[in-house]
Amino acid sequence: MKFKFIIPLLFLSGKLLAGYTVRVVVTGPVNNRTIYIAGTFNNWNRCGTNYKLAPAGDNKQQIVLTNIPGGLVEYKFTKGGWENVETTNIATEIPNRRFHLTRDTKR
């Protein structure tokens, strides 16, 4: 009888410790450019091979991030270095993108 209560608690605590799964999709002309995502979830590693977006159809690239801790997440897109971070049309830097992660977003 006690196992019925312990198993769900272990699963729940395992989910909280493991983190969440997040799917990020970028829409726009791909032009065979390599785009990376860097943020609080990977210590701002701007060119980690595990953080490279993959083609996802016409005019789309995506990445699925796993084991991301809940809470505030901040990130940017780069071409592999901070000298090639995303900017506006007039070359001013875009502030960090941010969201509060409270559940899985992969669909």
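**Notebook: sheets, spaces and single residues**

**Entry 1: the β2-β5-β6 sheet.** I looked up the strand order and found an open sheet of three strands, β2-β5-β6, with antiparallel pairing. The model is predicted, so I note the limits: local features need pLDDT of at least 70, side-chain atom pairs count only at pLDDT 80 or more, and totals for chains, interfaces and linings use all residues. Residues are numbered from 1 along each chain as its sequence is written, and side-chain values use heavy atoms, with hydrogens and water left out.

For the terms, strands are DSSP runs of E with at least two residues, numbered from the N terminus. Two strands pair if DSSP finds at least two bridges between them. I keep in mind that strands of a sheet pair through backbone hydrogen bonds, either parallel or antiparallel.

I then went through the bridges. β2 and β5 run antiparallel and are joined by four bridges. Tyr 36 has Thr 78 of β5 as its bridge partner, and Ile 37 stands opposite Phe 77 in β5. β5 and β6, also antiparallel, are joined by five bridges. Here I noted Val 73, whose bridge partner in β6 is Phe 99.

Is β5 enclosed or open to the outside? β5 is largely enclosed by the rest of the structure, because six of its eight residues are buried. I use buried for under 20% relative accessible area, exposed for over 50% and partly exposed for in between, with a 1.4 Å probe and protein chains only.

**Entry 2: the β1-β4-β3 sheet.** I found another open sheet, with three strands in the order β1-β4-β3 and antiparallel pairing. β1 and β3 stand at its edges with a single partner strand each, so one side of each has no neighbour in the sheet. Two bridges join β3 to β4. I looked up Pro 55 and found it opposite Gln 61 in β4.

**Entry 3: the cavity.** How many cavities of 30 Å³ or more are there? I get one. A cavity here is a set of points on a 1 Å grid over the protein atoms alone where a 1.4 Å probe fits but cannot get out; a pocket is an open set with protein on both sides within 12 Å along at least five of seven lines; lining residues have an atom within 4 Å of a point. Grid points are joined across faces, edges and corners, and a volume is the space filled by probe spheres set on the points.

The largest cavity holds about 40 Å³. Its lining is Val 22, Val 24, Ile 37, Phe 41, Leu 65, Ile 68, Val 73, Tyr 75 and Phe 99. β1, β4 and β5 are the elements that give two or more residues to this lining. By class, I count nine nonpolar residues, no polar and no charged. Nonpolar covers Ala, Val, Leu, Ile, Met, Phe, Trp, Tyr, Cys and Pro, charged covers Asp, Glu, Lys and Arg, and the others, Gly among them, are polar.

**Entry 4: the largest pocket.** The largest pocket holds about 360 Å³ of space. It is lined by 15 residues, and the closest to its centre are Pro 29, Arg 33, Ile 35, Lys 79 and Glu 86. β1 (20-27) and β5 (71-78) each supply at least two residues of the lining. The classes come to six nonpolar, six polar and three charged residues.

**Entry 5: single residues.** I checked Arg 98, which sits in strand β6 (residues 97-101). Arg 98 counts as exposed because its relative accessibility is 53%. Arg 98 touches Leu 72, Val 73 and Glu 74, leaving out residues up to four places away in sequence; contact means heavy atoms within 4.5 Å. Arg 98 and Lys 76 are 22 residues apart in sequence and 9.0 Å apart in space, C-alpha to C-alpha.

Which phi does Trp 44 have? The value is positive, about 60 degrees, although Trp 44 is not a glycine. Trp 44 lies in the loop between β2 (36-39) and β3 (54-55), and at 27% relative accessibility it is partly exposed.

Asn 59 is not a glycine either, and its phi is positive, near 60 degrees. I place Asn 59 in the loop between β3 and β4 (60-68). Its relative accessible area is 44%, so Asn 59 counts as partly exposed.
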